[in-house]
Amino acid sequence: MKVIGKSIIRKEALDKVTGRAKYTNDFNTKPMLSVKMVISPYGHAKIVHIDTSEASKVPGVRAILAGQRFPLTGEAIRDRPPIAVDKVRYHGEPVALVVADTPFQAKKAADLIKVQYELLPVVNSPTQAFQQGAPLIHEQLGSYDKEVDSHPVEGTNIATLIKIRKGQMEAGWAESEIVVEESFSFASSDHAAIETRCATAEIEPNGTIIIMTSSQAPFMVKQLISKYFGEEMGKIIVHTPLVGGAYGGKASVQLEVLAYLASKAVGGKPVKLLNDREHDMITSPCHIGLDATIKFGADRNGKIRAAEIHYLWDGGAYSDKAVDVTRAGAVDCTGPYNIEHVWCNSYCMYTNHPFAAPFRGFSHSELSFCIERTMDILAKRLNMDPLELRNINAIRPGNTTPTRVVLNENNLGNLPKCIEKLRSLIRWEEGAIKEINERFVRVKGVSCSWKTSTIDPNAPSGAIITFNRDGSLNLMSGVIEVGTGTKTILAQILAERLKMDVDKIHVKMEVDTQTTPEHWKTVASRGTYMGGRAVLEAADDVIRQLKEVAASVLRAPIEDMEIADSRVFLREEPSIGLHFKDIGYGYQYPNGNTIGGQIIGRGNFVLRHQTYLDPETGEGKPGPEWGVAAYAVEIELDKRDYTYRLIKACTVLDAGRVMNEKAAIGQVMGAMSMGLAFAGRETFYFDELGRVLNPQLRTYRPLRYGENPEYLVGFVETPDQEGPYGARGLGEHGLMGMPGALGNALSIAAGVELRNLPLIPELIWRIKGEAHHASL
């Protein structure tokens with residue numbers, strides 16, 4: 001490999017480090033009206049009256065949208081009014097929009113809108129939502145339009161239920177000599193991307209709708225606005241420039257709909273809606289919460305025979321993408337372990353919390369915390385090394401997933417090899433516990449994870465390649481550059497296939513849904529996997545066309561043509577050939593005659609043989625392949641006040657093939673940092689009215705610079721023959737095992753079992769106190 005695996009500088013690097021890179025809010029090429037939201041101050045309340053009279057008098061106000069009934073929105077279930085009517089269902093829900101000449105005027109008018117509410121009972125957790133007699137958040141649940149694979153239960157707060165039934169549970173429990181049952185809980189939280197969400201909209205006189213958005217899914221924006229409002233799809237054009245972090249939070253479609261409605265209210269004039277940080281945290285979709293119960297049965301040798309799992313996902317006030325997250329949690333419910341007998345109910349619950357979007361890992365960091373804590377508790381009961389317990393039960397080729405997909409060396413990474421490499425990197429032989437002195441102790445905790453990508457079975461990806469007259473190439477893909485460097489990877493894939501200098505490949509960063517080939521969504525670690533396959537097909541299309549023209553000019557069979565170094569030449573006589581610049585637009589003979597023409601390569605990829613899940617058993621093929629990883633976290637705990645330092649964090653994952661070494665390490669390290677922050681401190685705190693008490697970065701604290709541990713990253717390479725050059729997804733995997741590993745380390749260090757997130761000193765102190773009182 002000349003390009004694959006090398007640490008190529010990212011194509012957009014210079015623009016980003018010099019500050020020249022433009023994001024949605026940076027595009028001010030034309031005067032735009034400003035849109036400001038009025039949001040609900042309560043989690044659940046009837047809207048009694050909205051008074052906009054004073055607000056409408058503010059100079060510069062062009063329109064106020066409040067109390068109007070628009071078509072319901074939502075991907076899985078159409079249950080969400082764009083602007084609340086009748087009642088509000090979460091703190092932060094939009095109640096009114098003000099469109100004005102300037103942000104100041106819009107904000108001033110928004111502050112003058114008076115809304116009278118009548119408080120309703122609040123559902124503050126998925127467990128509470130699940131209880132019989134709980135207040136209903138959606139009284140008309142049975143009447144909503146929904147997708148075929150959504151299963152809401154009318155008369156309840158259940159937005160969907162996904163069942164997994166594998167094996168015979170009676171037999172599994174009969175074979176089990178040790179049974180552990182544990183419950184876990186954590187609240188929803190934020191994605192905390194640097195760039196807050198932003199959308200602009202304009203409706204031209206001919207009806208063309210032009211939207212710019214910081215989205216992971218511009219093609220979905222186009223589809224859904226057409227679907228919701230009956231607009232002609234061909235007249236909807238969505239632009240997405242660089243995106244300043246997303247992590248799944250920008251996969252949902254929300255601000256785009258509001259911007260469209262605001263523009264329509266002012267006769268199609270250009271408008272901009274930019275979230276401030278508070279609105280970005282509580283008004284737009286959040287990171288999902290979870291209440292879970294895990295029950296494992298194992299024999300004396302540590303082989304897990306049965307698993308009974310209940311997941312209650314906190315989908316928030318509206319189902320949106322939480323239904324898909326719930327499904328993904330069911331699909332890989334057991335973690336990366338071979339268990340023959342599995343029973344799982346995965347519920348998406350309505351609560352009076354901000355509604356949930358995907359979060360990096362798409363349910364897997366959340367479920368992995370629960371599974372991996374249970375694994376350590378089981379290891380303790382068995383008096384067994386926790387890494388050895390994981391190795392004994394590790395999923396392997398020939399095993400089946402919870403949805404009964406038969407695994408092989410192609411569609412499954414090598415978990416035992418990841419565990420083996422992790423063992424060496426963290427020097428596990430030195431022991432998990434090291435007493436520093438009477439006050440401080442250092443402890444290592446371990447975990448594992450796996451993931452497939454439960455995306456639409458017909459999700460497409462396309463690529464187009466064009467030539468410049470100097471022989472360089474232009475690459476266009478619908479993959480969004482969300483900070484992962486995926487578009488650079490696509491350039492590497494193209495350069496490798498054409499055996500050319502990657503610097504001669506120019507990548508279009510901005511996506512324009514009118515001219516860019518569609519990529520379903522930039523989610524689920526599928527950018528390289530799907531976009532790369534489309535690029536390979538487009539490259540082969542280019543190769544075929546180049547060889548056809550060159551063969552005619554060089555008067556030799558196509559089979560004798562070879563391509564390398566931006567040339568097409570005879571395999572036996574490499575000196576006889578033509579440069580790309582001579583044939584990229586056709587070849588012109590000395591007398592002026594021209595053959596061929598402009599070469600345009602095209603390629604596409606659609607996932608193969610995926611199916612919907614059987615609603616009663618969960619049987620089906622939900623994804624193309626399963627990536628696996630092993631993790632460790634080393635902490636130093638102060639036994640006096642239960643504060644702790646992160647010393648080291650390690651991830652070993654099966655990447656299939658590492659495409660860009662430094663980019664891959666950076667991706668994994670960034671994911672690990674997010675996982676530790678999610679596990680160690682990030683959460684929303686709700687009061688009895690369902691209000692988020694910490695909706696700003698002063699009180700909601702991601703990991704800060706200087707608080708990070710030493711990161712160790714290792715790769716195993718088990719190529720996936722369906723992936724481009726064997727690559728598997730890796731953008732999410734570094735995060736997924738961090739909560740479990742940190743929870744295991746702190747539980748050992750503190751001498752108590754920690755079952756909640758975030759793992760803050762106060763939690764450890766409280767659990768220690770409860771354990772002490774229980775022992776008296």
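Biologist: In which strand is the place of R165?

Modeller: The model is predicted: local features need pLDDT of at least 70 and side-chain atom pairs count only at pLDDT 80 or more, while totals for chains, interfaces and linings use all residues. Residues are numbered from 1 along each chain as its sequence is written, and side-chain values use heavy atoms, with hydrogens and water left out. Helices (H or I, at least four residues) and strands (E, at least two) are DSSP runs numbered from the N terminus. On that basis R165 belongs to residues 158-166, that is, to strand β7.

Biologist: What relative accessible area does R165 have?

Modeller: Buried stands for under 20% relative accessible area, exposed for over 50%, and partly exposed for what lies in between, with a 1.4 Å probe and protein chains only. R165 is therefore partly exposed, at a relative accessible area of 22%.

Biologist: Which residues have the most contacts inside the largest nonpolar core?

Modeller: Such a core is a set of buried Ala, Val, Leu, Ile, Met, Phe, Trp, Tyr and Cys residues joined through side-chain atoms within 4.5 Å. The largest one has 120 residues, and helix α10 (residues 364-382) gives the most to it, with 9 residues. Apart from it lies another core of 99 residues, including V271, L273, M281 and V692. Within the largest core, the residues with the most contacts are F296, Y311, I635 and L742.

Biologist: Which residues does I635 touch, beyond those up to four places away in sequence?

Modeller: I635 is one of the residues with the most contacts inside the largest nonpolar core. Its partners are V441, R442, V443, Y644, R645, L646, I647, L742, A745, L746 and A749.

Biologist: Which element gives the largest share of the lining of the second largest pocket?

Modeller: On a 1 Å grid over the protein atoms alone, a pocket is an open set of points with protein on both sides within 12 Å along at least five of seven lines, a cavity is a set where a 1.4 Å probe fits but cannot get out, and lining residues have an atom within 4 Å of a point. The second largest pocket is lined by 34 residues, with E147, D149, D324, D456 and W520 nearest its centre. Two or more lining residues come from each of α6 (218-229) and α9 (322-331). The largest share, 4 residues, is given by α6.

Biologist: How many residues in the lining of the second largest pocket are charged?

Modeller: Ala, Val, Leu, Ile, Met, Phe, Trp, Tyr, Cys and Pro count as nonpolar, Asp, Glu, Lys and Arg as charged, and the others, Gly among them, as polar. The lining holds 15 nonpolar and 9 polar residues, and the number of charged ones is 10.

Biologist: What volume does the largest cavity have?

Modeller: The whole structure contains 4 cavities of 30 Å³ or more. Grid points are joined across faces, edges and corners, and a volume is the space filled by probe spheres set on the points. Lining residues of the largest cavity include R197, T213, K250 and P285, and β9 (198-203) and α7 (255-265) each give two or more. Its volume is about 90 Å³.

Biologist: How many nonpolar residues line the second largest cavity?

Modeller: This cavity has a volume of about 70 Å³, and its lining includes R80, Y90, E93, Q254 and Y318. Beside 1 polar and 2 charged residues, the nonpolar count is 7.

Biologist: Is T516 buried or exposed?

Modeller: T516 is found in the loop between β23 (511-512) and α14 (527-554). Beyond residues up to four places away in sequence, T516 touches F219, S477, G478, K508, E510 and V511. Because its relative accessible area is 6%, T516 is classed as buried.

Biologist: Near what value is phi of K499?

Modeller: Most residues other than glycine have a negative phi. K499 lies in the loop between α13 (486-498) and β22 (505-507) and is partly exposed, at 45% relative accessibility. Its phi is positive, near 55°.

Biologist: Which two residues does a cis peptide bond join?

Modeller: Most peptide bonds are trans. P758 has its place in the loop between α18 (738-750) and α19 (761-775). With omega at about 0°, the cis bond joins L757 and P758.

Methods
Contact = heavy atoms within 4.5 Å.
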